[in-house]
Amino acid sequence: MNPNIKPYIERLNALKFDDMYQNDFLLTWEKTDQEIEALFTVADALRHLREHNVSAKIFDSGLAVSNFRDNSTRTRFSFSSAANILGLAVQDLDEGKSQIAHGETVRETANMISFMADVIGIRDDMYIGKGNTYMREVAKSVQEGYEEGVLEQRPTLVNLQCDIDHPTQSLADMLHIIHHFGGVENLKGKKIAMTWAYSPSYGKPLSVPQGVIGLMSRFGMDVCLAHPEGYEVMGEVERVAAANAKQSGGTFTKTNSMQEAFQDADIVYPKSWAPFAAMEQRTDLYGKGDMDGIAALEQELLAQNANHKDWECTEERMALTKGGDALYMHCLPADITGVSCAEGEVSASVFDRYRVPLYKEAGYKPYIIAAMMFLAKCENPQQILQELAKQGEQRWMK
Amino acid sequence: MNPNIKPYIERLNALKFDDMYQNDFLLTWEKTDQEIEALFTVADALRHLREHNVSAKIFDSGLAVSNFRDNSTRTRFSFSSAANILGLAVQDLDEGKSQIAHGETVRETANMISFMADVIGIRDDMYIGKGNTYMREVAKSVQEGYEEGVLEQRPTLVNLQCDIDHPTQSLADMLHIIHHFGGVENLKGKKIAMTWAYSPSYGKPLSVPQGVIGLMSRFGMDVCLAHPEGYEVMGEVERVAAANAKQSGGTFTKTNSMQEAFQDADIVYPKSWAPFAAMEQRTDLYGKGDMDGIAALEQELLAQNANHKDWECTEERMALTKGGDALYMHCLPADITGVSCAEGEVSASVFDRYRVPLYKEAGYKPYIIAAMMFLAKCENPQQILQELAKQGEQRWMK
Amino acid sequence: MNPNIKPYIERLNALKFDDMYQNDFLLTWEKTDQEIEALFTVADALRHLREHNVSAKIFDSGLAVSNFRDNSTRTRFSFSSAANILGLAVQDLDEGKSQIAHGETVRETANMISFMADVIGIRDDMYIGKGNTYMREVAKSVQEGYEEGVLEQRPTLVNLQCDIDHPTQSLADMLHIIHHFGGVENLKGKKIAMTWAYSPSYGKPLSVPQGVIGLMSRFGMDVCLAHPEGYEVMGEVERVAAANAKQSGGTFTKTNSMQEAFQDADIVYPKSWAPFAAMEQRTDLYGKGDMDGIAALEQELLAQNANHKDWECTEERMALTKGGDALYMHCLPADITGVSCAEGEVSASVFDRYRVPLYKEAGYKPYIIAAMMFLAKCENPQQILQELAKQGEQRWMK
């Protein structure tokens with residue numbers, strides 16, 4: 001069973017994406033529509049190769065450096081899977097949560113870990129204004145290091161979740177949507193509800209809803225952002241979503257009613273997050289070292305949360321959606337009522353009905369990350385895909 | 001110096017072991033005699049290839065996930081060595097000791113870590129009724145994930161030690177015995193004494209003695225289990241040993257006398273373990289979160305232990321064995337009197353005389369684990385061994 | 001762009017270094033001048049291959065075991081980079097700071113981790129008289145294990161920093177000097193000042209200054225060791241430096257004046273370290289478990305340190321050097337005045353002017369470590385380099 005890589009190559013031939021070569025992936029809205037399409041195409045092509053047991057190793061050796069400032073199982077495994085597919089070994093840096101380095105230290109460490117690094121993946125989503133900024137400092141540092149002759153290759157930065165965006169998540173989500181609806185051409189006019197949902201836990205990152213509205217608004221869909229009053233996301237990303245919607249012929253609307261969001265939705269994405277303003281405040285408190293202030297803020301937010309326990313994705317709400325069977329999405333793990341907590345984001349029966357699609361949704365992430373690396377590392381991806389398919393090196397001698 | 005892989009292939013040709021393909025390795029007594037023999041044969045074949053500097057990589061890429069709930073150096077290195085021999089990269093999950101996940105969480109995590117996983121190795125030996133159960137939950141979850149199309153391949157579960165069995169240890173031990181006595185055909189009627197020994201430490205796992213009596217009873221040997229009163233092992237495994245002995249033409253006997261066990265023994269395996277009943281009690285206390293109860297139990301067990309300091313493998317006792325030179329075995333590290341503790345499982349002079357064979361015993365483990373992976377991953381192992389030998393890819397350009 | 005490996009091979013052909021095969025790298029002064037030159041040559045050759053995108057994998061599989069008793073980012077990444085270049089997977093042992101194993105335990109653990117280990121890298125620099133001794137115990141253990149048939153291959157020990165020497169650092173530093181001055185033949189009579197500098201932190205290891213004077217004294221340079229009274233380094237290493245200087249036609253001098261050291265220096269290496277005598281005392285206190293004594297000693301040393309804040313590498317002092325532009329060196333991270341601390345080893349303006357050369361200096365380390373492994377693992381390195389160049393396996397399909 002030989003892989004048929006031709007359709008992917010032909011699709012790539014029609015696209016312009018040469019700026020992705022030797023470049024980073026930090027925010028989806030920094031990429032053109034054609035670049036996003038190239039990414040999806042390469043992700044699908046890499047999956048196609050693997051399904052046909054053909055190796056996609058473009059590296060004989062080399063390192064993929066991971067730097068997780070926060071615990072992570074899913075993203076860590078996705079990153080190491082992506083590295084492994086392409087032939088890179090993972091070396092963890094893991095600087096820890098507390099230490100937020102600046103200036104000289106960032107520049108120096110970035111170079112010191114990069115002598116053999118082809119990729120650096122960073123997850124830093126704890127503090128508003130910090131994570132993405134840190135990634136840009138690292139990117140700038142290795143770019144300079146490369147230009148100054150310190151580094152023999154320029155490692156590519158991959159944003160594995162920051163304070164603003166979570167591109168590997170939103171792109172995996174989007175590729176799931178595309179395949180679910182049989183192609184991007186079927187998405188025009190579809191309604192997607194990115195809605196807040198109650199969780200007993202505190203301070204879940206904003207990068208998921210922000211990533212979703214910042215990306216999903218590019219495909220002509222009607223993106224509806226729903227949350228209780230006070231749970232606003234970053235204004236800057238809302239403006240991105242509005243501009244995207246306008247350009248793509250879709251809409252971007254907001255509501256404080258979960259019902260309204262679910263009404264006739266084709267896709268629902270109910271998920272807890274913390275208010276942006278509160279997260280900004282937390283960052284300030286952290287900057288001042290005011291740990292009592294942080295503890296007080298946490299109590300305040302938990303109390304505020306408790307007022308919105310009715311924001312749950314129930315069967316009743318699912319019944320409001322288009323044909324009663326909208327695609328339910330989540331980045332996982334979800335807070336499931338009666339399973340992982342007493343009252344949560346989603347009722348057990350809804351979650352259970354969508355378990356398989358949810359797992360499949362997650363399964364796109366390793367390929368999305370691998371595609372980010374591939375496009376940053378191959379000057380002519382079509383030719384490399386062609387070579388890989390032709391070599392037909394078995395991944396696994398069965 | 002070309003490898004001569006033919007004898008191994010011929011031996012495999014005479015055996016039926018096709019159920020091992022795409023299957024897990026959880027308890028030795030779930031495998032047939034021919035499957036166990038196939039495992040030993042493949043372990044020896046992989047060693048033969050390596051000794052002749054021939055690569056046994058059957059994977060060009062892929063992940064071996066390790067999940068150690070307990071500290072481990074030996075088994076961790078054996079697992080990563082086995083993965084490395086076959087071409088897999090290790091990715092650690094390491095969920096930690098305290099967190100014993102259930103149901104939805106196990107199912108979800110098992111799938112999330114398995115998108116690119118070919119093997120999952122788990123060590124979970126802390127609580128009676130938990131470790132093996134957890135492994136079966138993971139195995140069931142990835143089986144379902146594979147059938148539902150979530151996973152492109154079905155990762156193989158390898159039991160790296162549970163509450164019931166320690167198959168990678170007992171099989172490495174057994175392969176050591178086979179080679180020491182010049183073949184499995186020489187084992188009929190040999191006496192092996194699996195005996196309790198004193199250690200100042202608390203709560204050593206039962207999986208080693210259980211694994212040993214559950215496996216060694218299959219080869220026509222006289223298996224003698226010795227321990228002070230009150231140090232009974234799991235009844236279920238004793239029944240396995242008795243049934244095995246009957247079927248293989250050997251015997252399975254029990255005694256409360258270390259002397260009796262050593263008398264005319266060909267092999268002695270003196271090692272500390274905790275009473276099964278006490279370990280069940282500990283699990284209940286843990287379930288109730290009764291940490292004071294656990295601490296009290298520990299004191300009680302240490303006091304009980306101290307009554308049996310005379311259960312030591314001394315030169316005097318070794319003199320009772322067949323010809324005075326039984327093969328001394330241990331899973332390591334041993335508590336050596338006057339070396340690692342004041343009073344322990346074995347006297348320094350006995351341990352020292354057997355140091356080299358003990359190290360060799362341990363050296364079988366990476367090959368046993370690699371053979372478990374190999375047989376689960378190759379539909380036709382004979383053909384793959386043939387190909388590897390024929391390719392003759394150098395492991396190391398010397 | 002094919003690699004031209006011939007010059008490297010010709011240089012190696014003129015050298016005698018066969019004792020490096022199957023041997024360890026623990027102290028630079030245990031190696032002959034020709035062995036050191038072979039090491040530099042192989043390091044350069046491996047870099048040449050990589051710059052030409054040619055794989056230097058001499059291992060198809062195998063493990064490089066790392067054992068860091070102390071936190072380390074730079075050396076850890078250098079070690080894993082070196083392993084990766086040659087095709088080895090890294091497996092961390094990381095026994096932890098506190099546990100200093102002895103005798104039986106060292107021997108056993110060394111063998112248990114080495115069944116598939118081709119290299120073991122150890123960093124153990126905390127206590128005088130311990131680190132290097134431990135490495136020798138490990139080396140002896142695996143040598144015995146190999147001879148006794150326990151191990152199929154003899155893993156090579158690489159000293160990643162001990163209490164006496166830091167060979168991977170000093171050799172990387174030296175290779176930087178050689179390339180900076182256009183060849184080892186240009187170093188005769190050059191003055192290098194290895195000088196103490198103030199840092200607000202406590203107990204920085206002696207292995208860097210010791211490693212530098214122990215190595216740099218071999219090339220006909222004038223090595224000047226400068227420090228305040230009371231900051232003497234290990235006498236044994238001073239004697240090595242003096243003997244080296246004599247033999248190489250250079251000099252080894254000492255002074256208690258930073259000015260004097262900088263005067264007309266071609267190279268300056270200002271860096272903080274702890275007094276050797278105090279570190280010996282700390283080791284004794286540690287041996288007695290006297291933690292109060294250790295805390296008191298720390299206070300005493302910090303107070304002593306504070307008397308020497310004027311030992312800073314300033315622009316004024318740099319102006320004293322040869323032509324005012326000596327090569328400034330540091331093992332990084334440096335304590336930079338006004339950047340990483342209020343008062344430190346070097347002024348910000350000096351550091352900043354030398355940032356690029358400093359980063360390049362660090363960039364030699366992965367190649368130095370890889371060359372140590374290469375020379376220990378290849379019986380005929382010239383032939384292997386030739387084969388690698390001829391194969392021309394792409395490291396990265398661009």
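Reply: Let's start with the charges: between chain B and chain A there are seven salt bridges, a salt bridge being a side-chain nitrogen of Lys or Arg within 4 Å of a carboxyl oxygen of Asp or Glu. One of them joins R355(A) to E148(B), with 3.5 Å between the closest N and O atoms. Before going on, a word on the ground rules: this is a predicted model, in which local features need pLDDT of at least 70 and side-chain atom pairs count only at pLDDT 80 or more, while totals for chains, interfaces and linings use all residues. Residues are numbered from 1 along each chain as its sequence is written, chains are lettered from A and ligands numbered from 1 in the order in which they are written, and side-chain values use heavy atoms, with hydrogens and water left out.

Back to the B–A interface. Here 15 residue pairs are in polar contact, both residues at pLDDT 80 or more (a pair of N or O atoms within 3.5 Å; within protein, one must be able to donate a hydrogen and the other to accept it, and residues adjacent in sequence count only if both atoms are side-chain atoms). On the chain B side, strand 1 (63-68), strand 2 (89-92), helix 4 (103-112) and helix 16 (381-391) each bring at least two residues; these are DSSP runs numbered from the N terminus, helices being H or I with at least four residues and strands E with at least two. Helix 4 of chain B gives the most, five residues. By class, that side of chain B splits into 14 nonpolar, seven polar and 13 charged residues, where Ala, Val, Leu, Ile, Met, Phe, Trp, Tyr, Cys and Pro count as nonpolar, Asp, Glu, Lys and Arg as charged, and the others, Gly among them, as polar.

As for the overall extent, 34 residues of chain B touch 33 of chain A, contact meaning heavy atoms within 4.5 Å. About 3100 Å² is buried between chain B and chain A, 57% of it from carbon and sulfur atoms; that is accessible area (1.4 Å probe) lost by two parts on being put together, summed over both.

Chain A also meets chain C. That contact takes 34 residues from chain A and 33 from chain C, and about 3100 Å² is buried, 56% of it on carbon and sulfur atoms. In chain A, D60(A), M112(A) and M116(A) lose the most area to chain C, together 22% of what that side buries. Six salt bridges are counted between chain A and chain C, including R50(C) with E152(A), whose closest N and O atoms are 3.8 Å apart.
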